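Have the sequence and the 3D view ready as you read.

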Amino acid sequence: MPPIVLNTAVLGTGPLGLDLIERIRNSPYLDCGLVVGRTHTSRGLIQAAELGCTTTVGGVDALLDSDQNFAIVFDATNAFDHPAHWAKLAGSGARLIDLTPSSSGTLIVPTVNGDQAAAHRHIGLVSCGGQASIPVLHSIAGRYRPAYVEMVATAASVSVGRASRLNLDEYIETTRGAIHQFTQADSAKTMLNISAAAPPPPFRVAMTVVADGAEQGPVRELVDSAEAAMQAIVPGYRVTSCTVTDGTVRVIVEVTATRSRIPVHAGNLEVISAAAIYASEQHALSQDSELKEHV
């Protein structure tokens with residue numbers, strides 16, 4: 001029996017939206033039924049059409065006016081518009097996967113709670129910094145109770161689009177809240193640096209965890225395990241440093257992009273795009289399993 005293929009739509013035609021389109025087209029469980037942009041002359045919408053996608057403009061209303069039924073909608077727009085998108089789509093039956101830092105929906109990080117994705121219709125993916133850091137932080141917090149967690153993300157300026165720059169405050173607060181949720185740290189702090197360096201640096205996340213009893217050997221095992229799990233989803237994910245001194249853990253992760261449509265330095269886009277596809281495929285796999293049980 002062939003796998004279930006879910007019809008999807010993509011809101012947003014920036015580099016992130018275009019990578020989603022390519023991933024959808026390469027997935028055995030997903031089909032890209034519609035791509036929605038701002039204007040017919042936008043470069044991203046033109047590229048989506050060149051990829052063979054049906055395209056239109058008009059925002060979320062264009063989805064509701066379409067004669068298609070969408071099982072999944074990817075929101076790659078901005079955190080300000082996302083709540084209105086969910087309000088309009090909530091009654092449509094579509095599942096909405098939020099790639100903006102709006103802090104709405106059930107937060108999913110694939111290697112931490114990805115098995116819960118199929119149970120929810122409104123999924124939030126935190127942020128690129130959250131997707132890169134939470135797997136490591138959650139792994140450490142599973143053994144050591146953190147008194148303090150700090151995460152500093154550094155992204156190349158050329159890989160941070162207009163919507164992301166408008167949502168910097170939301171990025172900080174949503175990521176901080178998610179880190180607290182997944183680690184139960186007494187205190188958490190998040191920062192984001194946008195680097196104009198040339199050549200553009202890879203996406204980097206530096207983490208600090210203060211936890212009584214933390215030791216180098218056990219911490220390194222926890223970090224290595226988190227790294228291996230992430231590399232199954234994001235091949236360019238790599239731990240470059242892990243040290244423990246007097247109960248203070250410091251870990252640095254770099255994420256490089258390995259896909260053709262994203263520059264190598266734009267690991268921030270790749271890590272959240274991969275999470276979105278993972279979450280959507282969990283829905284498809286769940287439906288496929290239910291169907292086979294009734295055959």
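In what order do the strands of the open sheet with mixed pairing run? The order is S9-S8-S10-S12-S11, in a sheet of 5 strands. Before going further, please note that this is a predicted model, in which local features need pLDDT of at least 70, side-chain atom pairs count only at pLDDT 80 or more, and totals for chains, interfaces and linings use all residues. Residues are numbered from 1 along each chain as its sequence is written, and side-chain values use heavy atoms, with hydrogens and water left out.

Helices (H or I, at least four residues) and strands (E, at least two) are DSSP runs, numbered from the N terminus. Two strands pair if DSSP finds at least two bridges between them.

**The mixed sheet**

Strand S9 (187-195) and strand S11 (237-245) are the edge strands, each pairing on one side only. On average, neighbouring strands of this sheet are turned by 10 degrees against each other, direction ignored; such angles run from 0 to 180 degrees between N-to-C directions, with axes as lines fitted to C-alpha atoms, for helices over the stretch in contact.

Strand S8 (residues 148-156) runs antiparallel to strand S10 (residues 203-210), joined to S10 by 7 bridges. Here Thr154 has Arg204 in S10 as its bridge partner. S11 and S12 are also paired in the antiparallel sense, over 8 bridges, and Thr245 stands opposite Thr248 in S12. The hairpin of S11 and S12 has 2 residues between the strands, and Asp246 there takes a positive phi near 50 degrees.

**Helices around the mixed sheet**

H6 lies across S8, S10, S11 and strand S12 (248-255), at about 35 degrees to S10. H9 also packs on the sheet, touching S11 and S12, and its direction makes about 165 degrees with that of S11. Contact means heavy atoms within 4.5 Å.

| Helix pair | Angle | Axis distance |
|---|---|---|
| H6 (residues 128-141) and H9 (residues 216-231) | about 140 degrees | 8 Å |
| H6 and H8 (residues 168-183) | about 20 degrees | 9 Å |

H6 is therefore roughly parallel to H8, while H6 and H9 are oblique to each other; angles under 35 degrees count as roughly parallel, over 145 as roughly antiparallel, 65 to 115 as roughly perpendicular and the rest as oblique.

Which residues of H6 meet H9? Gln131, Pro135, Val136, Ser139 and Ile140 do, and their counterparts in H9 are Val219, Leu222, Val223, Ala226 and Met230. By class, this contact of H6 with H9 has 8 nonpolar, 2 polar and no charged residues. Facing H8, the H6 residues include Gly129, Ile134 and Leu137, and the H8 residues include Tyr171, Ile179 and Phe182. The contact of H6 with H8 divides into 8 nonpolar, 6 polar and no charged residues. In these classes, Ala, Val, Leu, Ile, Met, Phe, Trp, Tyr, Cys and Pro count as nonpolar, Asp, Glu, Lys and Arg as charged, and the others, Gly among them, as polar.

**The parallel sheet**

Another open sheet has 7 strands in the order S3-S2-S1-S4-S5-S7-S6, with parallel pairing. Strand S5 (residues 95-98) pairs with strand S7 (residues 122-124) over 3 bridges in the parallel sense, and Ile97 stands opposite Ile123 in S7. Helix H4 (residues 82-89) lies across strand S1 (6-11), strand S4 (72-75), S5 and S7, running at about 170 degrees to S5.
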